[in-house]
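Me: Hi! Could you walk me through this structure while I have it open?

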Amino acid sequence: MDDIPLQLTVLGSATPYPDVDNPCSGYLVSHGDTHVWVDAGTGTLGELQRHVRLDELDAIWISHLHADHSADLLTAYYGLLYADIELAAPVPLYGPPGIADRLAGFLTNGPARSPVESAFAVRELHDGHRVRIGTLELVSRAVEHGMPAFALRVEAGGAALVYSGDCAPCAGLDELAAGCDVLLCEADGPDGGQAHHTPRDAGQTAAKAGAGRLVLTHVGRFLTPDEAIKGAAARYAGPVAYAVPGAVFRVP
């Protein structure tokens, strides 16, 4: 399947809450008939359905449990179990340790625990986690975000896409991103602190990795996309784009 491109579709890239025309962080990664929903930020479930139904997903992967990356798992749960979808088996859900109990804590409305595992086949991530999903190879690395958080490398057909999740610059992301074709990296604001990349940080991470292309996402509300691109370009000489909702990137 080397002639079929690895494809990244931006479902949303806003933070920390949805914009009028932009849901929070969420992406669809596809290769042929294999589809993985990467991060399920607020509003992304609706956009996901422009491309695939919930029962057409091969897996869901969640970087960390902040709401702007995971909140739509709650409504996806209702869609999978109590609506118009006939679920043949729970959808594989890869996420940080404790994700099932976090979901159940919100969804449980009585003395019996909500049957989260009837909707999701939960697999907890760890540093170096690897799994093959259809034609996709997924590798997760722990990153620095002040809470359990992971970055993701997806490979298929000789192409490699890396997603930073939310994190400060760190060795785990540097190692994961080395030689990737596309780096999808957050660029939260002018001051990244201990939990986020700035646009310049994103450019530096892309340059260190030798990434073929940098796509900026999760741009904070104190920056415009153009300002973020300019900041990243100060540290990275390759092509830089913004993750416009609805944009489709072919990798490489």
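Me: Where does D39 sit?

Reply: D39 is in strand β3, residues 34-40. Strands (E, at least two residues) and helices (H or I, at least four) are DSSP runs, numbered from the N terminus. Bear in mind that this is a predicted model: local features need pLDDT of at least 70, side-chain atom pairs count only at pLDDT 80 or more, and totals for chains, interfaces and linings use all residues. Residues are numbered from 1 along each chain as its sequence is written, and side-chain values use heavy atoms, with hydrogens and water left out.

Me: Thanks. Is D39 buried or exposed?

Reply: D39 counts as buried, because its relative accessibility is 0%. Buried means under 20% relative accessible area, exposed over 50%, and partly exposed in between (1.4 Å probe, protein chains only).

Me: And what is phi of D39?

Reply: Phi is near 65 degrees for D39, a positive value in a residue other than glycine. Most residues other than glycine have a negative phi. H218 also has a positive phi, near 55 degrees. H218 is in the loop between β12 and α8, and is buried with a relative accessible area of 2%.

Me: Which peptide bonds are cis?

Reply: The bond from T15 to P16 is cis, with omega near -5 degrees, and P16 is found in the loop between β1 (6-12) and β2 (26-31). The bond joining V251 and P252 is cis too, with omega about 0 degrees. P252 lies in the segment after β14 (248-251).

Me: Switching to α8: which residues are buried there?

Reply: In α8 (residues 225-233), A228, G231 and A232 are buried. Those buried residues line one face of the helix, because they fall within an arc of 95 degrees seen down the axis of α8. The arc is that of the directions from the helix axis to the C-beta atoms. On the other side of α8, D226 and K230 are exposed.

Me: What covers the buried residues of α8?

Reply: The cover includes α7 (199-209), β12 (213-217) and β13 (240-242). Contact means heavy atoms within 4.5 Å.

Me: How about Q204, where is that?

Reply: Q204 lies in helix α7 and counts as partly exposed, at 33% relative accessibility.

Me: Last one: how many helices and strands are in the chain?

Reply: The chain has 8 helices and 14 strands. Of its 252 residues, 55% count as buried.
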